[in-house]
Amino acid sequence: MPRMNARAALLHPWAKPLAFMLCLLPLAWLVYGAAADQLGANPAEALIRGLGDWALRFLCLALAVTPLRLHTRTPQLARYRRMLGLFVAFYASLHLLAYGWLDMGFDVADIGRDILKRPFILVGFTVWLLLLPLAATSTNGAVRALGGRAWQALHRLVYVIAPLALLHFFWMRSGKNDYAEVAVYAAIIGVLLLERLYRYLKPRGP
């Protein structure tokens, strides 16, 4: 597809609703897999981990929007960044909900003890807490109420969230000595954060 056509497609009235529906497909597939008993021998674990995996994938996509927008000179991509960021919080919330329900039976006392007892769950819970203010201030009204500078400072929490989410994923996979996916996500997040650091440190022109 020619570049101009691709840019025009990103601004099409149906483009954003279509992207929204595509972002819901992983959830639909996991729900279908659970209902059809196609999530393997331990469907509860598969559902919990699947939701967490997709939260991490959407985090990578949200972080990738600005570099892609700048390097491809496609400013139209910016209109999808907020939606992708909200889907990070959405899948992370479902991940936590599934853990609380399927693993802990919604026993709040047991959940609290488990969070304090297991570091990887504490880190994951911290990530979710940090995502909440970002999701809550994702509206244009929040930008106006906070002011652009304060809003940007708050949303720089994503640079804390990304490595903590990766640490949570690493600790979770280390129990089974499965580091292949961890290396892939570490490389992606590392490149995206280094690209932002380079742009921050790069001397500005006159």
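**Close-up views of a predicted model**

**View 1. Arg49 and Glu45 share helix H3.** Both residues lie in helix H3 (residues 43–71), four residues apart, about one turn of the helix. Helices (H or I, at least four residues) are DSSP runs, numbered from the N terminus. The two side chains meet in a salt bridge, N to O 3.3 Å. A salt bridge here is a side-chain nitrogen of Lys or Arg within 4 Å of a carboxyl oxygen of Asp or Glu. By this rule the count comes to seven salt bridges. Glu45 is partly exposed, at a relative accessible area of 25%. Buried means under 20% relative accessible area, exposed over 50%, and partly exposed in between (1.4 Å probe, protein chains only).

This is a predicted model: local features need pLDDT of at least 70, side-chain atom pairs count only at pLDDT 80 or more, and totals for chains, interfaces and linings use all residues. Residues are numbered from 1 along each chain as its sequence is written, and side-chain values use heavy atoms, with hydrogens and water left out.

**View 2. Asp53 meets Arg173 in a salt bridge.** The N to O distance is 3.4 Å. This pair links distant parts of the chain: Asp53 sits in helix H3, Arg173 in helix H9 (residues 158–174), 120 residues apart. Asp53 and Arg173 are both buried. A network of salt bridges links Asp53, Arg57, Arg173 and Glu181.

**View 3. Asp110 pairs with Arg113 in a salt bridge.** The closest N and O atoms are 2.3 Å apart. Helix H5 (residues 108–117) holds both Asp110 and Arg113. They are three residues apart, about one turn of the helix. Asp110 is partly exposed, with a relative accessible area of 31%. Arg113 counts as exposed, at 51% relative accessibility.

**View 4. Leu97, Trp101, Leu102 and Phe106 make a nonpolar surface patch.** The patch covers about 410 Å². Patches are made of residues with over 30% relative accessible area and no salt bridge; like charges are joined within 9 Å, nonpolar side chains (Val, Leu, Ile, Met, Phe, Trp, Tyr) within 5 Å. Accessible areas come from the Shrake-Rupley method with a 1.4 Å probe; for residues, only the protein chains shown count as cover. Leu102 is found in helix H4 (residues 81–103). Leu102 counts as partly exposed, at 32% relative accessibility.

**View 5. Pro17 lies in helix H2 (residues 15–35).** Pro17 is partly exposed, with a relative accessible area of 37%. Its C-alpha atom is separated from that of Arg156 by 27 Å. Pro17 and Arg156 are 139 residues apart along the chain.

Conventions. Helix = DSSP H or I, 4+ residues; strand = E, 2+ residues; numbered from the N terminus.
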